[in-house]
Amino acid sequence: ESYNCQREINLADVLRIPIKPIRLEKSPFSPWSLAFAPNEIYIELHGIEPNQTKWTEKMNDLCKEIRHKIKVNKKHNDVLTITDPLAKWLKPVDFSKDVSSYQKAYVEGTRTWLVQKVHQAMASRNARVIWLNGVAGVGKSVMTWLLSTNLPPGCILGSYFFCRHNDERKNNTKSVILTTAYQLSLPSELAAFREYLFELLKTDEENKSMLELPSSDLFVKLIVDGLKKVKSTTKDVVIIIDALDECGAQGGRERKELLSVIRDYSKTLPEFVSLFVSGRPEVDIWESLSKLRPLLELAPSDVENLTDLKIFVKNRLNSHYRNASDESLNTATETLAQKADGVFMWAKLACDHIDEVNPKNVDKIMDIINTLNSGMDAILMTILTESYKSNELIDDFQLVVGTVCVLQEPLTIEALASLLFIDFSRVANVVLCNRYIITVNLKKLVVVVHKSVPDFLTSSTRCHDKRFYIDDKHAKVRLANSCLAVLNRDLHFNICELDLNISHTSISDFEDQISKIPLHLVYAAKFWISHALQCSEKELTEDVLYTFASNHLLHWVEVLSACNSLSIVQTLLPHLIPKIHKPQTTNLLNDIKRLVVEFFKTISQSPIHVYCSALALCPEDTALFKQYYPNFSAVKLPKVITGKDQDWSPCLATFEGHTNAVNGVAWWISSDRKTSLIASASSDNSVRLWDAFTGIEIHQYLGHTDVVNSLAFSKDGTKLVSGSADKSILIWDIDT
C-alpha cells in the first residue's frame, strides 16, 4: 500500500512488465529474517545486515529466483496450441487482444445511435457494402467493435479484421482474406463453408500453391465459392473490415487490391452476405467506394457525436470531481468537449494530460482546460512540452520514438533496446515519459496510440518544435544501419537448433524452435533491405554491408526461411544491388539471390538445407561457393564428385502455370527499375501476369473465349491489351 509500491505497480502496468511481490519479514532477533513469495520463493536472511556483502549475494539470489519464476510462468502462459487444421493452413490473425482493448476503451451509452443507423442500412437487401467514413480520431474503430457485438436481429458475425498501419500481418490484403475465411468457418450456421475449406485443404496439402493465388482470385476461391456452398441459412452474415486507410500506402498496390476486392468482388457474394467497412476518406478510398450506397459519414459536428463526446469526457473527469458539485463537473465537461470539436482522440489525450498532472482541486483542472487549444497538433504539442521541460532526454526521444514511428512492424521494449544497441531502461523511460502518445499494448509491443501521432511528428509543417520533429528519412537510414549491425552481431549457423536431416514440416514443435530467434533479429532479417532502400548510396555503410555479405548471407536466408519470408530475397534484393558499388559485395548478393531462386522449394521446406543442399550444390566458380563452402568443413556438407555445374545456368527462371501453349509474352520495366512485369498469352484462353523478379504469378485474366495470341503493355505499365482468336481485343487494368 506504500506510495513506492503503488508507483512501481503502475509503471509496470504501463510497460506490461510482470511483477512478483516479495515480502521481507522482520524478526525480534534480527533486522530481517526471511524474504519470500508464498509457496514459491524462500531466501534466508537471518543475522545478515543490509550493508554486508552477504546481503548483496542474497539479494542477487532472490532476483535470480524471481526471474526464473517469471520465465517459467510466462512460458506456461504463452503456450498456444493450434489444433484446428484450417488455422494451421490459413494462419489467421488473432484479434482477441485488440477486441479487449476496444472493450476497455468503450464508454457505456455512446455510439448507440450510430449502431442503429447501420442496422437500418443493413435492412436493405441492396446494401451489399456499407462504408462508414470519418476523419482521424473520431472513434471509428471503437464503433466498429461495438457493431460486431450488436448486430441486428437475424444477423450473425461472420468475421472481423482490424487493419493496422504498423503491423505487417494486419495491413495486407491476403491476411484480410485468409483471416476472414477462417473466421467464416467457425459459426455452426456455415458448416457447409467449413466443409468446403477442408476439401480445399486436402487438395492444397501437396503443392501448397493455392494460398499463393492473386488476392482477387484467392477471395473468389476461398470465400465467394465457399459461401455459395451454403444452400440455406436463416440468418444474414456480416463481414467487418476496420481502418481501410491503414492497409498499405495510399495509392499503393496493397490498398488497390483490397479496394478492388471490396468494390468489385463483393458483388459476387451470396445475397445473405454483407460487408461493413470503415476508414478515412482518403483520395483512393473515396474514388473507389464513394458511389456505394448506403454511405455513412461520422462527422465530428454531428449532434449525436457531440453528445457522445460529452458522455466520454464526463466519464473520464468523474474521478477528479468525487468531492465536488455536479455543476463544476458539468462546466468542465462542457468546456473540454467544446474544445475537442467532436474529435475523440483529442478528448482522450486531454484527459490523459489532466490525469498525469493530477491537480489537487477542481480550480486547477479548469486552469489546465483553459490553457488547452483545439486541434490535434495543439494537444500533442502540449503533452510533449509538459513531458520534456528540459532537453536532457531529447536524444532518447528522437532515437526511440523516431524508430517506433518508422518501424515496419512493432517490437517489444527488449527488442527495441537490442535493435538500437541501448539499455532496456532507456527505452522504458522514453515509453513512460511519452505514455500518452506511445504505449505498450497487450502483446507487449510498443505502438503509437493513433496513426495521427506519427503523421504529426514527421511533418515539419505541423510539428514546429525542432526538438520533437522526427525526420523520418533520417530515422529510416539510422534503422537500416542498425539492422545490418544486428545481423552482423547476432546471426549464426543453425540458429533454431534444428536436426540437419529433417524438414521443418516434420517437426512437431517447429513453432517453438523458431521462437528461439530473438524478435529484434527477426525484424532486422525481414526489413533491413526495406530500410536500406530508403538510403542514398552515400548513406549505406559499404564496409558493414560487405561484412554481412561475406559472413552471414546463408545465416540470413536460414532465418528468412524459418519465418516464411524467403521471397524477400527475390522481391527486394534486386532493387538494392544497383545501389552498391563494391564488386565483392554485389557478386555475393547476386549469387545468394540466384541460390534462392534455384533452391527455393528446398530451403523453404527446411531452413537448414540452405547449407546441406543449396550450398553443397552451388556452382564452384561462384563467389558465394568460394567464400562460404570452406567455412563449413566441420558440418560435413555433401561433396559432389562429378557432374556439378561450374557456374550458374544461362536460364535464369522458369514460369509455370499455363495449361496449353504459350503464344506470346510482353515485358515491362518501370523507369526506376523497381518493378518488372511479364505478361503471357496462351492457348488456354488466359492472360497471366508475373513478377519478373520472383516468377510469382500476380494475376490471371479470364475473359477471352478462344486462344489468346498477342499482348502489349501500355507505356506506364498500368494497362495490358490482348488479342484473341475469339475476334476480340480486351484492355485490362493490371491492378484489378
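**View 1. Asp242 in strand 6.** Asp242 lies in strand 6, residues 236-242; helices (H or I, at least four residues) and strands (E, at least two) are DSSP runs, numbered from the N terminus. The model is predicted, so local features need pLDDT of at least 70 and side-chain atom pairs count only at pLDDT 80 or more, while totals for chains, interfaces and linings use all residues. Residues are numbered from 1 along each chain as its sequence is written, and side-chain values use heavy atoms, with hydrogens and water left out. Asp242 has a relative accessible area of 0% and is therefore buried (buried means under 20% relative accessible area, exposed over 50%, partly exposed in between, with a 1.4 Å probe and protein chains only). Its side chain makes polar contacts with the side chains of Ser141, at 2.7 Å, and Ser278, at 2.4 Å. A polar contact is a pair of N or O atoms within 3.5 Å; within protein, one must be able to donate a hydrogen and the other to accept it, and residues adjacent in sequence count only if both atoms are side-chain atoms. Leaving aside neighbours within four places in sequence, the residues in contact with Asp242 include Tyr102, Lys140, Phe161 and Arg164 (contact means heavy atoms within 4.5 Å).

**View 2. Strand 4 and its two partners.** Five of the five residues of strand 4 (residues 129-133) are buried, so this strand is largely enclosed by the rest of the structure. One side carries Val129, Trp131 and Asn133, the other Ile130 and Leu132, and both faces are covered. Strand 4 pairs with strand 7 (residues 273-279) in the parallel sense over five bridges; two strands pair if DSSP finds at least two bridges between them. In strand 7, Leu275 is the bridge partner of Val129. Strand 4 also runs parallel to strand 8 (residues 295-297), joined by three bridges. There, Glu297 of strand 8 is the bridge partner of Asn133.

View 3. Strand 11 and strand 12 (residues 676-682) run antiparallel and are joined by seven bridges. Val665 stands opposite Ser680 in strand 12.

**View 4. Helix 24 and the helices around its buried residues.** In helix 24 (residues 542-551), the buried residues are Glu542, Leu545, Phe548, Ala549 and Ser550. These residues pack against several helices, among them helix 21 (472-490), helix 25 (553-562) and helix 28 (583-598).
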